[in-house]
Amino acid sequence: MLSRLRSILQSFISVSRSQALQNGRGVSSVTMSGGNPEIATFAAGCFWGVEHIFLKYYPIAEQKGILKTAVGYTGGKDDAKDPNYRQVCTGTTDHAESLRIEFDPNVVEYDELVEFFYRTHDPTTVNSQGADQGTQYRSAIFYHSPEQFDIAKRVTEEVQKKHFDPIGKKIVTQIVPAGPWYDAEEYHQEYLHKNPSGYQCPTHHLHW
């Protein structure tokens with residue numbers, strides 16, 4: 001946690017629009033293959049690493065289906081509106097550090113993104129990833145439609161049976177409706193692209 005706080009203190013610098021576009025955030029030139037984009041929202045611990053690993057394997061420039069990402073806060077109390085990072089870190093707002101993905105379902109399907117979400121963190125630990133402890137670090141899928149709910153449940157059952165039943169562990173990931181979304185402060189966006197040596201949760205890697 002101290003390493004993460006030190007990284008935060010070093011990151012209060014302005015990032016030009018050209019840098020943001022280079023890193024893939026706010027990209028509007030990526031064309032859809034047809035139809036409308038969809039939204040996927042995941043929480044899997046520190047949102048720096050969650051965004052970083054998704055964009056590492058689905059880089060926007062390579063048009064692998066992810067069109068845009070943002071990190072932010074969701075899943076909080078109804079009366080905790082527009083929270084900031086310090087408030088979320090107290091755990092009193094119940095928000096989760098989360099990743100919002102805009103994707104082209106004709107290029108990458110939702111079930112693939114859900115499985116990748118499970119591959120890249122430990123979904124068997126309650127309100128924690130690595131040394132990060134608290135409800136803001138919980139594992140959660142925030143679904144945006146009944147179809148996403150059905151897919152998330154199915155993929156969760158498949159992952160449980162294939163990867164966690166054999167080792168006697170239980171997935172504790174929440175599967176809940178998506179609610180209000182609040183973008184995190186700008187310095188959090190694409191943090192590990194801007195700060196390659198910054199804090200990264202050790203659970204954020206491919207587990208299979």
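Once its neighbours within four places in sequence are left aside, threonine 124 is in contact with Phe164, Lys169, Lys170, Ile171 and Val172. The model described here is a predicted one, and in it threonine 124 sits in the loop that lies between H5 and strand S4 (128–129). Its relative accessible area is 16%, and because buried means under 20%, threonine 124 counts as buried. The side chain of threonine 124 also makes a polar contact, at 2.6 Å, with the side chain of aspartate 122.

Helix H5, on one side of that loop, is paired with helix H3, and the axes of the two helices come within 11 Å of each other while crossing at roughly 125°. The crossing angle therefore makes H3 oblique to H5, and H3 passes H5 in a right-handed crossing. The residues that meet between the two helices are set out below.

| Helix | Residue range | Residues in the contact |
|---|---|---|
| H3 | residues 47–57 | Ile53, Phe54 and Tyr57 |
| H5 | residues 110–119 | Leu113, Phe116 and Phe117 |

By class, the residues of this contact of H3 with H5 divide into 6 nonpolar, no polar and no charged.

For the protein chain as a whole, the model contains 7 helices and 8 strands, and buried residues make up 47% of its 208 residues. Among the contacts in the protein chain with a separation of 6 or more, 80% are accounted for by residues 24 or more positions apart.

Methods:
Residues are numbered from 1 along each chain as its sequence is written. This is a predicted model: local features need pLDDT of at least 70, side-chain atom pairs count only at pLDDT 80 or more; totals for chains, interfaces and linings use all residues. Side-chain values use heavy atoms; hydrogens and water are left out. Axes are lines fitted to C-alpha atoms, for helices over the stretch in contact, and angles run from 0 to 180 degrees between N-to-C directions. Helices (H or I, at least four residues) and strands (E, at least two) are DSSP runs, numbered from the N terminus. Angles under 35 degrees count as roughly parallel, over 145 as roughly antiparallel, 65 to 115 as roughly perpendicular and the rest as oblique. A crossing is left-handed if the near helix is turned anticlockwise from the far one by less than a right angle, and right-handed if clockwise. Contact means heavy atoms within 4.5 Å. Ala, Val, Leu, Ile, Met, Phe, Trp, Tyr, Cys and Pro count as nonpolar, Asp, Glu, Lys and Arg as charged, and the others, Gly among them, as polar. Buried means under 20% relative accessible area, exposed over 50%, partly exposed in between (1.4 Å probe, protein chains only). A polar contact is a pair of N or O atoms within 3.5 Å; within protein, one must be able to donate a hydrogen and the other to accept it, and residues adjacent in sequence count only if both atoms are side-chain atoms.
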